[in-house]
Amino acid sequence: MLKLENVSKSYDNGKTNAVDGISLEVNAGEIFGFLGPNGAGKTTTIKMIVGLLKADSGSIRINGINNSVDPIKAKMQMSYVPDNPEVFEKLKGIEYLNFMADVYSVSKEDRTQAMERYLDLFDMKKAVNDPISSYSHGMRQKIVLTGALLHDPQVFILDEPLVGLDPKSAFNLKEVMRERCDQGKCVFFSTHVLEVAEKICDRVAIIDNGKIIAQGTMEELKGDVNSHESLENIFLELTER
Amino acid sequence: MKEIMMLTKVLLNANFGFSQTLYQFKTNRKKMLMPVLIVLAVVSLLPAYYLYISILDSVYMQLFLLGQEGAIFAMTFSGVALMVLFFGLIYVMSTFYFSKDMEQLLYLPLKEESIITAKFINMIIYEYLIVIPFLAPVFVTAYADMGGLLYTINFIIGMLLVPVIPLSIAAIVVMSIMKFINISGKKDLIRTISLFLMLGVILGVQLLINQATSSMTPGSEGEYLAALLRNPNSLVNVLGRSYPPAIWMSKALYQENISAVFSMILFIAASAVFFAGAIFTGKSIYIKGYFNKNDAKKKTTGVDYRKGMKSDSTWEAIFKNDMRLVMRTPIYMFNCVSVVVLIPLLLILMPFFSGGGDVNIIAQLYGEFKNVFTLVLIGLFVLIGATNPTASTTFSREGKSSWITVMIPAKRPEIFIGRMIFPLILQVITMLFILVPLIFLLKLSLFTALLSFIVGLVASLPTISFGILIDGYRPKLEWDDPQKAVKQNLNVVFSMFAGMGFAALMGFISILLFNTARIGFLLVLILVVSILLTALIFSMFKKLRLQW
Ligand SMILES: Nc1ncnc2c1ncn2[C@@H]1O[C@H](COP(=O)(O)OP(=O)(O)O)[C@@H](O)[C@H]1O
Ligand SMILES: [Mg+2]
C-alpha cells in the first residue's frame, strides 16, 4: 500500500544526506514501525511521503499512486500526524476538524460520526469548542489525530505519535491502529521507543544515517543478528558506529 | 550587578537580533535585504530630520532674541520625555506583558530585581533610538553660546537619563492598571485597543501640525514662532514649565558652575528615585501578579459541537480559515482590515477637514472632466488595493501551521480562489467607503460610481493575485510573533510595487491614448489587460511548488 523505491533527500545543497536511497514497502493490514536514533532521517522520510518535502530522487507510491505524479489523489489516500502538532491557534478545535473534513470531502453524516467516536476516545469532547491556543501539547496532538482520522485514510502516517500522549490516549491510539489494520488499511509510524515497536508492529525497518540497515518482521530481525535478543540489543548493535 | 549586566546583554541581543543578523550575513546574503531596506527607510527620513534641525535653529534664534535661550532645553527635554512616556506605555506593555521571555527567565536562579532591572535598562536603551536623534542637534545648536566641559558632561548625562523618569511613570501606571485586569484571554483585546490608541495619538499630532502649519503664512515663520514663544499659554511653554525635571536639566545646562551642578544633582536624584519606584513596583506588583495569574483556572465551555455542523467545499473551507485567522489575530486585523476603513477616512476626511472650499473646486472639476475622474478613481483603487497586505501575507500568516496547507489535498484553483476571496471582500469594502461619501460630497453620478467600481475591482485582481503568487513563492513562515509575518514581510513591499507599477503603466497608456481614444475603449483595455494578467499570474501559481 505504501512503497518507497530508492528515495533520497539531502539538505543544504547536498551537504547533508538526510535520506540516502531507502526502499521499503508496507502491505495492507500491516503496522509498520520506522525505527532509528535521533537525526537518522525518519522525519525527513515521512515528510517526503506526505508531500511536505520533495524527494531528490526515487519514487513514492501510495496505494499505487505516485505522489509526485498525482499528488492530490495520493494525498486523499493518506493522512499525517506530525511530531510537533502546530495547528492554527486561533481556530477552535471544532473549526479545525471541520476544515480537515471539508478539504478531504467528508460528508456531514460521516464526519459527525467520526468526530463522535474519536473525540470520545481521546477525551476531547469538552475542549473541542475552545480555541486551540488554550490546548496543551497533548491536546493539540489529539485534535490533529482526530482530524487525521476523519476521512478514514487507507494509509495512516504518524511521526513519533506516542511521545506526548497520556497513557490512556496512547493505549486507545494503539487500539485504533490495530483496528485499522484489521480492516485492511495500513499504518506507518516512526518511533525511537523500542518497546512500543516490539509490541505492536508487524514489521519494522531500522534507519541510521539515512540508510535502512535492517528490515523485516521481529523474528526475521532476530534471526539476522544472533538469536533471542531483545529489539533493544539488535538496535544498539546495528546502529553502533 | 554582574547578573544585571549579563541579563541586559542577553536581552539586548535577543531584541535587536544582532547575533541573528550577523549569522545571516555570514550564511545567507539574500536575507540581508531587510537591513538594507531599513537603511533606506532611515535615509528617506533625513529630509524631515533636516526640517527638525532648521526649526530648532530658528526657535533658538527667537528665544535668544527674547533673552530666554535657556528655555530651549526645557522645551526639548520635556518634549522628548513626553514622547518617551507615550512610546513607553506601549513598550512596557509589550516587554512585561506580551513577551514570552519571562517564562524562560523566571525559573533561572536569578534575583527578581535583576530581571526587572535588566528589562528596564533594555527599554531605556531602546528609547535612545528616539532620544538621541532629537537631543543631539540641541547640543550642537546651543554649544556656541553655552559650550564648555561642564555643559558637555551635563548634557550627555542628561540625555542618557532623560528616559528614566517617563519610563518609570509608564511602568508604574501600566503595572498598576494591569493589576486589576486579568489579562489572560484578553491579551488580544488589549493589543487591539492599544494599537488604535497609538494610531489616534499619531493622527492627533498630525492634525495639530497641519493646523499649525496652515495658520503660518509663508515667509513669516519667524514671527509666528516668536508669537508662539511669547504666549505664556502656548503648548511648548506650558510643557516646558510644568515638567520640573526638564527645568532642572535646563538650569544645569545654562547656569553657572555651582547652581548648574546643584540642578544636575537634583535631576539625577529625581531619576534615581523614579527608577527605584519602578523597580519596586515591578517586584511588588508585576512579579507577584505574574505568579498569581496562573491560578485562574481556565474552564472549558463544553458547548455541544454538533449543532450548526455543515460541510463546505474546499475553497470555502480555505477562505473561511484565511478570514478567521485575520479576524482573530489583532495585528492582522489591524493591518489588513482596519485600514479598509481608515484609509478612505483619511483620504476623504482630511482634505475636507482642513477647508470647505476645496470640495466645491473638486466637485466642479469632476463636472468638467468626468472621464478623467473615472480613470483617476480606478487608479486610486488599484493603488489602495496594492497597499493592503492581506493577499501578500496569506501563506506567511499561517507560520508554523503551514504544513497543513502543504499537506491537504487541495487543488490549485481551490487554493487560489479560497485565498483571493477575503482580500477581494476587503477591496470591495474599501471601494465602497470611498465611493459612497464621494457620491454625496461631489455629487458623483451613479454611472461614474458603478463604472469605476466595476473596472476598479477587476483592475485590482492582478495585484491581489500577484500577492498570493509571491507569498506562495517565498512565504515568511519562521516567526514567533505574528507581527513579523506582516510587518517584516518583504512580499508586502513587492506586491505594493507591483500594484504601483501596474497602475503607472495603465495610467501612462491612458494618458497616451486619452485624446485619440474614447473612454469606453480605455476602460475595455484596462479590463482586458487586467484579466489577461490575472490569468497569467494564475497559470504561474499553478506551476508553483507549494512546498516550503
Ligand atoms: N531543514 C533541515 N535543514 C538541514 N538539515 C536538516 C533539516 N532537517 C533535518 N536535517 C538533518 O537531516 C538529518 C535527518 O533529520 P530528521 O529526518 O529530522 O531525523 P529524525 O526524525 O530521524 O530524528 C539530520 O542530520 C538533520 O540534522
Ligand atoms: Mg524526527
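This is a predicted model: local features need pLDDT of at least 70, side-chain atom pairs count only at pLDDT 80 or more; totals for chains, interfaces and linings use all residues.
Q: What makes the place of Thr217(A) count as part of a strand?
A: Thr217(A) falls in strand 10 (residues 211-217) of chain A. Residues are numbered from 1 along each chain as written, chains are lettered from A and ligands numbered from 1 in written order, and side-chain values use heavy atoms, without hydrogens and water.

Q: Which residues does Thr217(A) touch, not counting those up to four places away in sequence?
A: Asp202(A) and Arg203(A). Touching is contact, meaning heavy atoms within 4.5 Å. Val204(A) is 13 residues from Thr217(A) along the chain, with 6.3 Å between their C-alpha atoms.

Q: Why is the meeting of the Glu30(A) and Arg203(A) side chains called a salt bridge?
A: Their N to O distance is 2.8 Å. A salt bridge needs a side-chain nitrogen of Lys or Arg within 4 Å of a carboxyl oxygen of Asp or Glu, so the pair qualifies. Glu30(A) sits in the loop between strand 2 (16-26) and strand 3 (31-35), and Arg203(A) in strand 9 (residues 203-208), all of chain A, so the bridge ties together parts 173 residues apart in sequence. Over all chains, the structure has 21 salt bridges.

Q: What makes Thr44(A) a polar contact of ligand 1?
A: An N or O atom of the Thr44(A) side chain is 2.5 Å from a ligand oxygen. A polar contact is a pair of N or O atoms within 3.5 Å (within protein, one must be able to donate a hydrogen and the other to accept it, and sequence-adjacent residues count only if both atoms are side-chain atoms), so Thr44(A) passes. The Thr43(A) side chain has an N or O atom 2.7 Å from a ligand oxygen. For Lys42(A), a polar backbone atom lies 2.8 Å from one. Alone, ligand 1 exposes 560 Å², and the protein buries 61% of that (Shrake-Rupley method, 1.4 Å probe; for residues, only the protein chains shown count as cover).

Q: Which helix gives the most to the shell around ligand 1?
A: Helix 1 (residues 42-50) of chain A, with 3 residues. The residues around the ligand include Tyr11(A), Asp12(A) and Gly41(A).

Q: How do you know that Glu95(A) and Arg324(B) form a salt bridge?
A: N to O, their side chains are 3.5 Å apart. That is inside the cut-off, so the name holds. Between chain B and chain A the count is 2 salt bridges. The interface also has 11 residue pairs in polar contact, both at pLDDT 80 or more. Helix 14 (314-327) and helix 18 (402-407) of chain B each supply at least two residues to the side touching chain A. Helix 14 gives the most, with 6 residues.

Q: What area is buried between chain B and chain A?
A: About 3500 Å², with 62% from carbon and sulfur atoms. Buried area is the accessible area (1.4 Å probe) that two parts lose on being put together, summed over both. The contact takes 36 residues from chain B and 40 from chain A.

Conventions:
A residue is near a molecule or strand if one of its heavy atoms lies within 4 Å of it. Helices (H or I, at least four residues) and strands (E, at least two) are DSSP runs, numbered from the N terminus.
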